[in-house]
Amino acid sequence: MSVCHKRRRFKMQGIYKGDCLEIMKGLQTQSIDMIYLDPPFFTNKKHRLSSRDRISHYSFDDLWESHKTYAEFMQLRLMEAKRVLKNTGSIFIHCDKSANHILRFVGEDVFGAENFLSEIIWSYKRWSNSSNYLTPNHQNILYFSKTEEYKFNKIYTEYSETTNIDQILQKRSRDAYGKAIYAREADGRIMSSDEKKGVPLADVWEIPFLNPKAKERTGYPTQKPILLLDKIIEISTSEGDIVLDPFCGSGTTLVSAKIKGRNYIGIDISQEAVDLTKSRLETLIKTESALLNKGRSSYINVEEKSLAILSGLDILAVQRNAGIDALLKRNYLSKPVPIRVQRENETILEAATKLSVAAIKKGAGIAFLVATNQTKDLLDFRFENCMIKIINSPALEINAIFDEKWTNSR
Ligand SMILES: C[S@@+](CC[C@H](N)C(=O)[O-])C[C@H]1O[C@@H](n2cnc3c(N)ncnc32)[C@H](O)[C@@H]1O
């Protein structure tokens, strides 16, 4: 399918360079199923970044005279976006705290407050020590439909760890007073509920920020993760639908659309962005998230038993380190102080070796090993410049006292 515009003719799949306002004018009315746009955020910065090999340098301007000029710029483009959207279509406007209020206002003006569906919070963990305000760990995506006939594919997620699944799988009914009670069979047994698919997707999405080493990272400033776009595309489109990104940048939306079997149109005012998008579409690279695939709990390797033994100490538990369970919050001679609890299946020498390797890597001068299953008096170890001090766990200490008294009194 292609469209004839008085100035240009645009195919219903492709990447175009230019102001999205002009390019969208060349698209047919009611031809697009979903629009995702990640426009300049009203940061009043010039965004610059380079690819990992430092060969390509990318930049775009996000500089505005006033709120008013930004709002007018966005209003014109959202009106054109509305025209090209099908009646069953929806639009996702990505922003952050800088322009959230402006875009919500302009969005409601263009699409109608009644068609505002959700504010999606994309949440992630990012560290920052420098700020004297709360570290921003989320961005906002305003989700509007064009009409009430919009397409929406329900997605289900896992129940939380605190949900009582057993209870959920039991059918409910109401008693004579309207109170919810368990439905029962004639013989008094509790009836099972219909099959449960999980929890319908909520509006807070935890998706990791692209880390500097992520394979899909291109070096384009403000590049979004494909996993975020995957979710948007999944809830709002079907295979073969047409997805439009009028501010496509490095082309993340188009890569996700292609992987998911959707058609795509990308527009960007920068030639580098258009070239980068084309090359990403030729070689599709997507980074999976180990955090999302394996779950947050898979990163917790410090055993509960070890932490219980260390409770009362002012420590930070150390995950993802086979040699150290915790670090004391206070340093000793300006160096960190690691601690490990001996495991049931470990000799004290094995535990001390693991601790010393990890402690030396951290530059520690002293580390503590809590012995849990060896009763003889134990000597401290010295490995290179690190002293491993052995202390008994309370259980071991008490048992040793009893054993000694028991032996002496016989
Ligand atoms: C926030 S970035 C998009 C990043 C993109 N979502 C990604 O994952 O790489 C915004 C983009 O809008 C482009 N842009 C700015 N003004 C534009 C306009 N009037 N028409 C089309 N693109 C524009 C910039 O060149 C920039 O690439």
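Two residues are in contact if their C-beta atoms, placed from the backbone, lie within 7 Å. In this protein, among contacts between residues at least 6 apart in sequence, 59% join residues at least 24 apart. The model is predicted: local features need pLDDT of at least 70, side-chain atom pairs count only at pLDDT 80 or more, and totals for chains, interfaces and linings use all residues. Residue numbers start from 1 along each chain as its sequence is written.

**Overall build**

- The protein has eleven helices and 22 strands. These are DSSP runs numbered from the N terminus, with helices (H or I) of at least four residues and strands (E) of at least two.
- The radius of gyration is 29 Å, whereas a compact globule of 410 residues would have one near 22 Å. That radius is taken over C-alpha atoms, and the globule rule is 2.2 Å times the number of residues to the power 0.38.
- The C-alpha trace spans about 105 × 75 × 40 Å along its principal axes.
- Of the 410 residues, 29% are buried. A residue is buried if 20 or more other C-beta atoms lie within 10 Å of its own, exposed if 12 or fewer, and partly exposed in between; these C-beta atoms are placed from the backbone.

**Cores and strand S4**

- The largest nonpolar core has 53 residues. A nonpolar core is a set of buried Ala, Val, Leu, Ile, Met, Phe, Trp, Tyr and Cys residues joined through C-beta atoms within 7 Å.
- Ile 32, Ile 35, Tyr 36, Ile 93 and Val 243 have the most contacts inside this core.
- Beyond residues up to four places away in sequence, Val 243 touches several residues, including Asp 33, Met 34, Tyr 36, Ile 233 and Ala 257.
- Strand S4 is mostly covered, with six of its six residues buried.
- S4 pairs with S7 in the parallel sense over five bridges. Strands pair if DSSP finds at least two bridges between them.
- Ile 32 stands opposite Leu 85 in S7.
- S4 also pairs with S15 in the parallel sense, over two bridges. Met 34 has Val 243 in S15 as its bridge partner.

**Helix H5**

- H5 covers residues 226-236, and its buried residues are Ile 226, Leu 228, Leu 229, Ile 232, Ile 233 and Ser 236.
- These residues cover an arc of only 155° around the axis, so they sit on the same side of H5. The arc is that of the directions from the helix axis to the C-beta atoms.
- An α-helix has 3.6 residues a turn, so residues three or four places apart point the same way.
- The buried residues of H5 pack against strands S4 (32-37), S7 (85-95), S8 (116-123) and S15 (242-245), and against helix H6 (252-259).

**Helix H7**

- H7 (residues 271-282) has twelve residues and reaches 17 Å from its first C-alpha to its last, close to the 16 Å expected at 1.5 Å a residue. The expected span is 1.5 Å times one less than the number of residues.
- Ala 273, Leu 276, Thr 277 and Arg 280 are the buried residues of H7.
- Seen down the helix axis, the buried residues of H7 fall within an arc of 105°, so they line one face.
- Gln 271, Ser 279 and Glu 282 are exposed, on the face turned away from the buried side.
- The cover over the buried residues of H7 includes strand S3 (14-17), H6 and strand S16 (263-268).

**Single residues**

- Ile 207 lies in the loop between strand S14 (204-206) and H5. It counts as partly exposed because it has 19 C-beta neighbours inside 10 Å.
- Not counting residues up to four places away in sequence, Ile 207 touches Trp 122, Tyr 124, Pro 225, Leu 227 and Leu 228.
- Gln 139 is in strand S9 (residues 138-145). Gln 139 counts as buried because it has 21 C-beta neighbours inside 10 Å.
- With the same exclusion of residues up to four places away, Gln 139 touches His 94, Asp 96 and Trp 122.

**Positive phi in loops**

- Ser 334 is not a glycine, yet has a positive phi of about 65°. Ser 334 sits in the loop between strands S18 (326-328) and S19 (338-341).
- Ser 334 counts as exposed, with 7 C-beta neighbours inside 10 Å.
- Glu 384, also a residue other than glycine, has a positive phi near 45°. Glu 384 lies in the loop between strands S21 (381-383) and S22 (386-392).
- Glu 384 counts as exposed, with 9 C-beta neighbours inside 10 Å.
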